Amino acid sequence: MMTRVLTIKRVPTVVSNYQEDSNNEDNNSERALGCKRNCLGKCCLPVSKLPLYTFKIDREHPIEDGNVNVNVNSSEELPQVFFLHNLLLGQWEDRMRRGLFRYDVTNCETKVIPGKYGFIAQLNEGRHLKKRLTEFRVDQVLQPFDDSKFNFTKVGQEEVLFRFEPSNDNKSHFFPSADMASDLNSPSVIAINVSPIEYGHVLMIPRLLDYLPQRIDHKSFFSAVHMAREAADPLFRVGYNSLGAFATINHLHYQAYYLAVPLPVEKATNRRVGEEKGLSDKGVVVSELWNYPTRGLVFEGGNTIRDLSDVVASSCICLQNKNIPFNVLISDCGKRIFLFPQCFAEKQALGEVSQEILDTQVNPAVWEISGHIVLKRRKDFDDASEAYAWRLLAEVSLSEVRFQEVKDYVFEAAGLQKANVEENNINEKESLHKTPARPAAPHLPRDCSVHQ
């Protein structure tokens, strides 16, 4: 789709306290001799005793079944809020108390911008500081893993909250300390993002020691959907950025955080455009965002979690192979998944983005496209308007012609058929979906609340 080599000069943020020094390490000798700093590499991780959370795999149960039974040390059942509120957010706050973050995101001002869509603006003047110089191609969604650059094996174990693995008995368990299983050579972990966008901002790094580049596969995406499901709270979302769509590290990872208001895209109108039919009917329905500044697809339904996950993963793999950058939002406890093909970095490199938008230094990745916009300058925050948010996200969007091409690719890859509906048949029931009102998490500081 693109013919010239496009690059940007900087990685926007630092996600680990070990990131800036990573280029000076001798990686081969470190793994052979041990680095003596308790990292996540092959020298240290296999003998670690990190906490372990094992999640129940729903292979046959309906996606509507949201019950999660969690055992601590395989003996005590806890309520389904345990994973998010007691474990993930509790451990995240522990790392905050220990001073592992580069700034206190709970002190960042946040507001809902007046207007129809309720875009959310956050002022985070510290997030763009201390950028690490690099050459990062934006015209190649698939790039090989490069061990000479920063990757998550270089992270210290103190930044890890716990390992996140599938259970072998169809129940969820938590072990405060666990040996690495002899048959598990490459664990998945959940770690803090030391430059958080919001409260509880974490990274899920699948199969860490397999050195996977930033590309979606069926197995890792299934784990990401389960992460949203285990949280059992629609205010906790999981996101993914491909290379070329503002992923900053070429080592497979998903992001997630807790935000106590609905995202604008979750409230957007949509219309049904496709569904899965035939002998392999999995009950997945596909809609198109309607009257939203960025064109995107919404996947819902599915007879099981696996059905929905596989359809979306197949769609993402197709876009990767077609070299089309994209972002993914896993919403509503894994029941709704948004897919946004985008072209902002391409247009930026070609000089086709307005200077007014560039001056705000906002790189529109999954959270910005979903309507949560992190601004770096006080002036931009004070002047934030719905018109600005719309202009920014419209720059991200594919043209109508290119988006139609993407839909055709997705339908073919995922085995979908076009829905037999009128062109103007807007699905108002789905478009008026409202995130259930929930009280703030018990760990949520008062000054982290959003003021409307």
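User: What should I know about the model before we start?

Analyst: It's a predicted model, where local features need pLDDT of at least 70 and side-chain atom pairs count only at pLDDT 80 or more, while totals for chains, interfaces and linings use all residues. Residues are numbered from 1 along each chain as its sequence is written, and side-chain values use heavy atoms, with hydrogens and water left out.

User: Why is Glu395 called buried?

Analyst: Buried means under 20% relative accessible area, exposed means over 50%, and partly exposed is in between (1.4 Å probe, protein chains only). Glu395 has 15% relative accessibility, so it counts as buried.

User: And why does Asp94 get the label partly exposed?

Analyst: Its relative accessible area is 22%, and the in-between class starts where buried, under 20%, stops. Arg95 has 6% relative accessibility, so Arg95 counts as buried.

User: What makes Glu395 and Lys347 a salt bridge?

Analyst: The rule asks for a side-chain nitrogen of Lys or Arg within 4 Å of a carboxyl oxygen of Asp or Glu. Here the N to O distance is 2.9 Å, so the pair passes the 4 Å limit. Glu395 lies in helix 9 and Lys347 in helix 5 (residues 344–349), so the pair ties together parts that are 48 residues apart in sequence. Helices here are DSSP runs of H or I with at least four residues, strands are E runs with at least two, and both are numbered from the N terminus.

User: How do you know that Arg95 and Asp94 form a salt bridge?

Analyst: Their closest N and O atoms are 2.9 Å apart, and the cut-off is 4 Å, so they qualify. Salt bridges that share partners also join Asp94, Arg95 and Arg98 into one network.

User: How many salt bridges turn up in the whole structure?

Analyst: The search finds 16. One of them is Arg237 with Glu266, at 2.9 Å from N to O; both of those residues are buried.

User: Which residues does Glu395 touch?

Analyst: Contact means heavy atoms within 4.5 Å. Leaving out residues up to four places away in sequence, Glu395 touches Cys343, Phe344, Lys347, Glu352, Val353 and Ser354.
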